[in-house]
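Reader: I am new to reading protein models. Could you walk me through a few features, one at a time?

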Amino acid sequence: AAYAAFSDAVAVDPRDAGARLARARMSLDRGDIRAAMVDTQSVIDTYPRAEAPWDLRVEIARRVGRPDLALTAADASTRLWPSNASAWAALAASADARGDRGRARQARDRVAALTGRRRDDSAPEPQPRPN
């Protein structure tokens, strides 16, 4: 019912980012990667300065085993909202998954600077904010 309601909202206003992202999250939960990608792309095209669709794309990329795409999405999110520690944590995790230890270290340093905590490579990374 919720999916249908969000679909109705998108039909009424195709530019409704909230409805599109909610529907994309539900699509992802259902395993419909294509639908999640279509909705996030629509938000990216309509609101190019929004970081939220990129945050969701990090999760989409992780679910399909594409650390390269997760890194690209996390990079876009941090460019759009550079003070979001969760996005930097996602970038660090994505860089680690790609084997880019230097970039991961830089991202963890950024997380530490934003959160006021000392960086500790042995500590678990802050988890990206849920979408």
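Reader: Leaving aside its neighbours within four places in sequence, which residues is alanine 24 in contact with?

Author: Keep in mind that this is a predicted model. Once the neighbours within four places in sequence are set aside, alanine 24 is in contact with Ala36, Asp39, Thr40 and Leu56. Alanine 24 itself lies in helix H2, residues 17-30.

Reader: Is alanine 24 buried or exposed, and why?

Author: Buried means under 20% relative accessible area. Alanine 24 has 0% relative accessibility, so it counts as buried.

Reader: How far apart are alanine 24 and arginine 34, in sequence and in space?

Author: They are 10 residues apart in sequence, and their C-alpha atoms are 9.3 Å apart in space.

Reader: Now for a helix. What should helix H6 span, and what do its end C-alpha atoms show?

Author: The expected span is 1.5 Å times one less than the number of residues. Helix H6 has 13 residues, 85-97, so it should span 18 Å; its end C-alpha atoms are 18 Å apart, which agrees.

Reader: How many residues of H6 are buried, and what do they pack against?

Author: H6 is mostly covered, with 10 of its 13 residues buried. Among them are Trp88, Leu91 and Ser94. The buried residues pack against helix H4 (52-63), helix H5 (67-80) and helix H7 (101-115).

Reader: What is found at the start of H6, and what just after it?

Author: At the start, a side-chain oxygen of asparagine 84 comes to within 3.0 Å of the backbone nitrogen of serine 86. Just after H6, glycine 99 has a positive phi of about 85°.

Notes
Residues are numbered from 1 along each chain as its sequence is written. This is a predicted model: local features need pLDDT of at least 70, side-chain atom pairs count only at pLDDT 80 or more; totals for chains, interfaces and linings use all residues. Side-chain values use heavy atoms; hydrogens and water are left out. Helices (H or I, at least four residues) and strands (E, at least two) are DSSP runs, numbered from the N terminus. Buried means under 20% relative accessible area, exposed over 50%, partly exposed in between (1.4 Å probe, protein chains only). Contact means heavy atoms within 4.5 Å. A polar contact is a pair of N or O atoms within 3.5 Å; within protein, one must be able to donate a hydrogen and the other to accept it, and residues adjacent in sequence count only if both atoms are side-chain atoms.
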